[in-house]
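Me: I've just opened this one and I'm new to it. Could you walk me through how to read it, one feature at a time?

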Amino acid sequence: MSSKNTAFGLRNKIMSLLLFFRDRFDLHEGKEDELETIDYIRKNIEFRGANLWILIFAIFVASVGLNVNSTAVIIGAMLISPLMGPIMGIGMAAGINDFELLQKSFKNLGIAVLISIITSTIYFSFTPLNDAQSELLARTEPTIWDVLIALFGGLAGIVAGSRKEKSNAIPGVAIATALMPPLCTAGYGLATGNLYFFFGAFYLFFINSVFISLSTYLIVRFMNFPKKEFLDPKREKTVKTYITIFTILTIVPSVYLAYNIVKRTIWEKSANQFISVEFDLPRTQVLNSNLIYASDSSFIEVSLIGERISDESIVQLEKKLANLNLRDTYLRIRQSGDNADMNLLRSDILKDLYERNETLIQDKDRRIALLERELSEFGKNYQQVMDIAQEAKINHPALENFSMNRSVIADLNKNQKDTIMMAYAKFKTKPSSQELQKLEAWLKLRSKADTLSLIVQ
């Protein structure tokens, strides 16, 4: 009897615990009416008038942020971007079998993408800053983290959009999923003729868009949003067939692409681990490494400097590749003694030296520019003093020596410093006080100085 009571009590505790978590994680708590949520998303789909201008301005802001490598500016552009609307509209339309809404969402997303790429291409065609900064380079190819961010960001976005009280989650999703920077990077690729940047950035945007739509579709289905009703059963069947085909054609390729991204991420991690562990040699240093991933055959290229690695050691290294999830991976090693690779190795050395000393070079360039400006100012000042001296000689024939320069004056009582124009004049015969006052007033006017001190000898 006691064992039955114990089992009964344990079952009650488990049920209570399950009810507690069900109550805590219930998405229906505080949910807006489904029709209101559908209408809310529908209103944010259209790109027309002010919405389109906001997108254009946001693209310009994001392009400037990528151009000057400013994370804060890029975040600001993503906050004002309306790109999330049609992407969530696609997932919503698929979830409620609304083919007209799906067509409208695709049409407006296409317009937004086209306008965004044209705008960013125009900007990067005219900007004087053509170098690809780190913020821009980070958007040239997707990683597994981009897929996860898009998936969970989309989930957060549709859950927030279905609440009665709208929170700041939607702008947060726009920032997290980073939809605008890839489009700006694609525009940069077109403007500079770099198709690798264009396709890589557009691929990243596509991945983000698909997984945001997919997460919206899953939540809409999970929360049982009312599906669109049709008076004609034949029409309803046709729409459902189109939606099903669209969903399959979208999900299957995106899952396959995500799978390949996961494989590449795992491979890159294993390849970097292989390089750091196996090439940690006392008398040999890794000068440069390059990872080239492909689904059928990948390559690890390593440039070494120092003591040569024997052919036997290279064979052993190649055997170790299979033990580190690096199957179908080939190892290429360039060593300082290989005549065939000397030019490439020399290029790697120069590149490495330049990258390591780039900061020092930039600092020297700044110092040279500063010295050139000071030298130019000195030349101008020298010529100005000579001109003023010649003019003063005309009015004061007894003038023999003359000098004028701006000096720093330290006020020891007030512990302050200021600048003052100092003039020195030496005469054959000492001039009268009236002549000196006239000279001082003329010098002050000629040099355009607020204050002037004249020293006479």
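Predicted model: local features only at pLDDT ≥ 70, side-chain atom pairs only at ≥ 80, totals over all residues.

Reply: Let's begin with strands. Strands of a sheet pair through backbone hydrogen bonds, either parallel or antiparallel. Here, strand 2 (residues 298-306) and strand 3 run in the parallel sense, joined over 6 bridges. To find one of the bridges on screen, look for S298, whose partner in strand 3 is T329.

Me: Now the charged side chains. How many salt bridges does the structure hold?

Reply: The general idea goes like this: side chains of opposite charge can pair when their charged atoms come close. This structure holds 7 salt bridges. One of them joins the side chains of R48 and E46, at 3.0 Å from N to O. R48 counts as exposed, at 61% relative accessibility, while E46 is partly exposed, with a relative accessible area of 25%.

Me: Which other residue is linked with E46 and R48 in a network of salt bridges?

Reply: That's K104: together with E46 and R48, K104 belongs to a network of salt bridges. K104 bridges to E46, and the closest N and O atoms are 3.5 Å apart. K104 sits in helix 6 (residues 99-126) and E46 in the loop between helix 2 (34-43) and helix 3 (50-68), so this pair ties together parts that are 58 residues apart in sequence. As for accessibility, K104 is partly exposed, at 31%.

Me: Which residue forms a salt bridge with E278?

Reply: E278 pairs with K320, with 3.0 Å between the closest N and O atoms. This pair also links distant parts of the chain: E278 is in helix 12 (residues 233-278) and K320 in helix 13 (residues 311-320), 42 residues apart. K320 is partly exposed, at 34% relative accessibility.

Me: On to helices. What span should helix 5 have, given 1.5 Å a residue?

Reply: A bit of background: an α-helix has 3.6 residues a turn, so residues three or four places apart point the same way. Helix 5 (residues 84-96) has 13 residues and should span 18 Å at 1.5 Å a residue; its end C-alpha atoms are 18 Å apart, which agrees.

Me: How many residues of helix 5 are buried?

Reply: 13 of its 13 residues are buried, so helix 5 is largely enclosed by the rest of the structure.

Me: And how many residues of helix 10 are buried?

Reply: For helix 10 the count is 10 of 13, so this helix too is largely enclosed by the rest of the structure. Among the buried residues of helix 10 are M180, P181, L183 and Y188. Helix 10 (residues 180-192) reaches 19 Å from its first C-alpha to its last, close to the expected 18 Å. Just past its end, G193 takes a positive phi of about 75 degrees.

Terms used:
Residues numbered from 1 in each chain as written. Heavy atoms only, no water. Salt bridge = Lys/Arg side-chain N within 4 Å of Asp/Glu carboxyl O. Buried < 20%, exposed > 50% of the residue type's maximum accessible area, 1.4 Å probe, protein only. Helix = DSSP H or I, 4+ residues; strand = E, 2+ residues; numbered from the N terminus. Pairing = 2+ DSSP bridges. Expected span 1.5 Å × (residues − 1).
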